[in-house]
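Thank you all for coming this morning. Please have a look at the fold on the screen while I take you through a few of its features.

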Amino acid sequence: MSSSPQTVLVVGCGHMGGAMVRQWMTHSSYTLHILNPSKPKADIASKIESHSENVEGFKDIHFDIVVLAVKPQIIIDVAKTLRPVLDENTLVISIAAGVTLSSLQAALPHQQPIIRCMPNLPSSIGAGVTAFVTNEKCLSSHTQHAQDLLSVVGSVHVLDDEQDLHSVTAVSGSGPAYIFHLAECMTDAGMSLGLSHDLAAQLARETIIGSARLLETNDGTSAEEYRKSVTSKGGTTQAALEVLMHDDAMRGLFERALKQASERSQELSRS
Ligand SMILES: NC(=O)c1ccc[n+]([C@@H]2O[C@H](COP(=O)([O-])OP(=O)(O)OC[C@H]3O[C@@H](n4cnc5c(N)ncnc54)[C@H](OP(=O)(O)O)[C@@H]3O)[C@@H](O)[C@H]2O)c1
């Protein structure tokens, strides 16, 4: 594979593919091409090298990396059509939830390096978390190229075991939705105490952002230490936490919720 900058084909430019492309086109020097049935949004169309609605439009271009960002339900059919743009050295990166390395390998025309990853929504602002696994065809250079590409949209973690992707999906892949729901719950609870919707929503949102920023400072202070530091004995925070932590209520709820997400991920990878 050539050294940076590299030529990347993104197959599927919807919510996640589009979000990643926006980061790559703004914060990297990759040459980007898009394969998508409908034309990409104007801001993307003006910054990419080319767009085609079918693979034939790319058959004279050499791609270093092909990113598969279509829905899991169609990814195998789409992968089978990619022969004109792949050779055995093309690194294929799939972001599809639940689609295994072995099923991707069976659908692709060559025994090539494949990476299966799980990004999350904050990738759209460069604050995502992505974990990935490699197949046995990946050399350390492929892993490095994937890390370089994916680190443009946030932090990257390399996994040894593909099975861990189910747990990653439950924690970080689906995780943003839990935080958004926390914001909803805090808003509703604030309203039940008499605040207007707008004020309660703003307080909840800004509290989550501020707390996340504290966690981000990376000075070694853990979430538990921060919680303890704001919980005075006999105070208001302790009164609330006694409800949330009684019988490990919230911890138990999260354990059950994430177990459901992980089991659903396992079901999807079997279907
Ligand atoms: N959304 C997330 O938060 C998230 C998080 C982690 C992983 N993922 C994964 O990301 C993938 C995409 O999800 P999404 O939410 O971005 O879906 P999406 O918004 O529906 O995007 C899918 C894109 O694929 C395009 N497409 C359809 N058929 C195609 C074909 N034959 N060839 C090329 N492109 C085709 C669609 O184009 P048209 O609109 O023109 O039909 C659309 O732009 C999924 O596999 C999902 O598991 C998503």
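Let me begin with three helices, α7 (175-192), α10 (236-245) and α11 (249-270), each of which supplies at least two residues of a nonpolar patch; helices here are DSSP runs of H or I with at least four residues, strands are runs of E with at least two, and both are numbered from the N terminus. Before I go on, please keep in mind that this is a predicted model, in which local features need pLDDT of at least 70 and side-chain atom pairs count only at pLDDT 80 or more, while totals for chains, interfaces and linings use all residues. Residues are numbered from 1 along each chain as its sequence is written, and side-chain values use heavy atoms, with hydrogens and water left out.

Which helix gives the most to the nonpolar patch? It is α11, with 3 residues. Leucine 244, which lies in helix α10, counts as partly exposed because its relative accessibility is 39%, where partly exposed means between the limits for buried, under 20%, and exposed, over 50%, with a 1.4 Å probe and protein chains only.

Turning now to the sheet, 8 strands form an open, mixed sheet in the order β3-β2-β1-β4-β5-β6-β7-β8, and two strands are said to pair if DSSP finds at least two bridges between them. Its edge strands are β3 (50-52) and β8, each pairing on one side only.

Within this sheet, strand β5 (residues 91-94) pairs with strand β6 (residues 114-118) in the parallel sense over 3 bridges, and isoleucine 93 has isoleucine 115 in β6 as its bridge partner. Strands β7 (residues 128-134) and β8 (residues 154-158) also run parallel, joined by 5 bridges, with threonine 130 standing opposite valine 156 in β8.
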